[in-house]
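Thanks for asking me to look this one over.

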Amino acid sequence: MRRFLAALSVASAIASFGAAAPAQTVRAVMDSDVKIIDPIWSGAYVTRAYGYMVYDTLFSMDAKYEIRPQMVESWKTSDDGLTWTFTLRDGLEWHDGQPVMAEDCVASLKRWSARDSMGQKLAAYLAEYKVVDPKTFQIVLKKKFGPMLAALGKPSVVVPFMMPKRVAETDPFKQIDDATGSGPFILKRDEWKPGEKIVFVKNPKYKARDEPISGMAGGKKVLVDRVEWVWIPDQQTQINALLNGEIDWIQGISHDHLPLVEKARGIKLLPGTVSNQFAFRLNWTQPPFNNVKVRQAVAYALDQRDFLESAIGNDKYFRTCKAMFTCDSPLASTVGTDGMMEGNIAKAKELLKEAGYDGAPVVIPQPTDLGVMKSMGTVAKANLEKAGFKVDVQPMDWQGMVARLGTKKGPPSEGGWSAYGTSWSQLDILDPTMTPFLLATCEKARSGWPCDTHVEELRDRFVDASTPEERKAAAEQVQAYALQVVTHIPLGEWRGLGAARDTMSFASPLPQIGVFWGVSKK
């Protein structure tokens, strides 16, 4: 009955779009529904993807992981490395027709830096921003900040999207409701129906760069008139809609459905080209995880393989990996991980006894509509109860869960939470500065709010490192200490799969974030 109702719902939604939709309309199912449209406030991947549709960035990362200019025409650094000067390209406009100004970019960077792990680190090195002229601004530093371009061009959440000054001056801890950007698409607010669909139309005034598309960089040339993100909670219904030609693209399919999609005519698989990392996040502000020994008990109790087998199943697409900065990356290491993430129940029980754990309930929100993550709470419950924890898993939709994680800081009895499972793209967690869960700046950190000055001191050492050897050593120090205090717990790596009708063509190689420039439809 549930599947029938889901099918009926999506059929009604698709019918409501109009049977005679334009030939160059692309209909896609993203990894989640869009309910939050502030990509600075929210770290949800679908909100980031929305951000790339509507906004633009000063720099972007290409397919070779190199940073390239985007809105910036030219830049230079003073001889002492303390003053960076950026000049914008000609002809950049906001969706309301106003020109993009240097003051807009300064306001946007200030708001972004209050919420992002690299942004906060940049802010600690900052002396001031200076607006030189309408198209030029400077970032003046107190000391050299090596990863400047990496910070401004990062695709990892929180992405430094540029917004009009009047919007960017919104408190970074309050959501914006204004969708004015300068990106390649414009949000159709009158057609956005949370829980059903969100619609974008081509920005006719967008000025794409001349370079070929490469990753998130290059010329963001839009080849379709309209993009509709349709929300279909049930994965089997998603597959049926794709097979029936009702949608054109599914961003992520369940590995359980792989045999069905592989055999289908007119459908092509889109394998992910980078890994993803499952992670478990604890709330430092509330019992029982305001006690470091209790947090450590979790790190020993959880078993990576249990999570991977439950969520992915096919070992062709997953592997255990304790490296905080992902395996096969330049900073991959197992330092500080001995005995952890292996289901070491005896050690977990020992730590709980030392901590004097009193049975305080561990409340774990669990998304019901995000296939790859919907079993994480259940698996965590099984692991943790073996160690002696009392666990309460609370199902909810993903966007509701994101809102709860970001706003409910009180105890679980007042709507708060204790821990949750999530997943990061490798692009988000390649080093200590960009990894969002390593930000340990108390109330300014991401949900979970770790508060530890030594974590920040160690991250500073990484920023100040000048050679690959120094960076590797500094990253290992961060990893070892972060696991000791348990900022978060890596739970193994997996690779995703998308699927599309063979009438669809994409930029090559396929960007790791669901974007729709360079996308065409026969």
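1. The largest cavity has a volume of about 60 Å³. A cavity here is a set of points on a 1 Å grid over the protein atoms alone where a 1.4 Å probe fits but cannot get out; grid points are joined across faces, edges and corners, and the volume is the space filled by probe spheres set on the points. Over the whole structure, the search finds four cavities of 30 Å³ or more.

2. Before going further, a word on the basis: this is a predicted model, where local features need pLDDT of at least 70 and side-chain atom pairs count only at pLDDT 80 or more, while totals for chains, interfaces and linings use all residues. Numbering starts from 1 along each chain as its sequence is written, and side-chain values use heavy atoms, with hydrogens and water left out.

3. Which residues line the largest cavity? They are Met30, Ser32, Asp33, Val34, Val46, Glu196, Lys197, Ile198, Trp229, Val230 and Trp231 (lining residues have an atom within 4 Å of a point). Two or more lining residues come from each of β11 (197-202) and β12 (226-230); strands are DSSP runs of E with at least two residues, helices are runs of H or I with at least four, and both are numbered from the N terminus. By class, seven lining residues are nonpolar, one is polar and three are charged. Nonpolar covers Ala, Val, Leu, Ile, Met, Phe, Trp, Tyr, Cys and Pro, charged covers Asp, Glu, Lys and Arg, and the others, Gly among them, are polar.

4. The second largest cavity holds about 50 Å³ of space. Gly91, Leu92, Glu93, Ser182, Asn203, Lys205, Tyr206 and Lys207 line it, and its lining has two nonpolar, three polar and three charged residues.

5. Now for an open space: the second largest pocket contains about 730 Å³ (a pocket is an open set with protein on both sides within 12 Å along at least five of seven lines). Its lining has 27 residues, and Pro330, Leu331, Leu430, Asp431 and Phe462 lie nearest the centre. The elements giving two or more residues to this lining are α14 (453-464) and α15 (468-485), with α15 making the largest share, three residues.

6. On to the strands. Why is β6 (residues 83-88) described as largely enclosed by the rest of the structure? Because five of its six residues are buried, where buried means under 20% relative accessible area with a 1.4 Å probe and protein chains only. β6 pairs in the antiparallel sense with β5 (residues 72-77) over five bridges; two strands pair if DSSP finds at least two bridges between them. Thr77 stands opposite Trp84 in β6. The two strands β5 and β6 form a hairpin with five residues between them, and Gly81 in the turn has a positive phi of about 75°. β6 also runs antiparallel to β8 (residues 136-141), joined by five bridges, with Thr83 opposite Val140 in β8.

7. Strand β20 (residues 488-494) has seven of seven residues buried, so β20 is largely enclosed by the rest of the structure. Its antiparallel pairing with β15 (residues 276-282) spans five bridges, and Phe280 stands opposite Ile489 in β20. β16 (residues 318-319) pairs with β20 in the antiparallel sense too, over two bridges; there, Phe318 has Trp494 as its bridge partner.

Definitions and conventions:
Buried means under 20% relative accessible area, exposed over 50%, partly exposed in between (1.4 Å probe, protein chains only).
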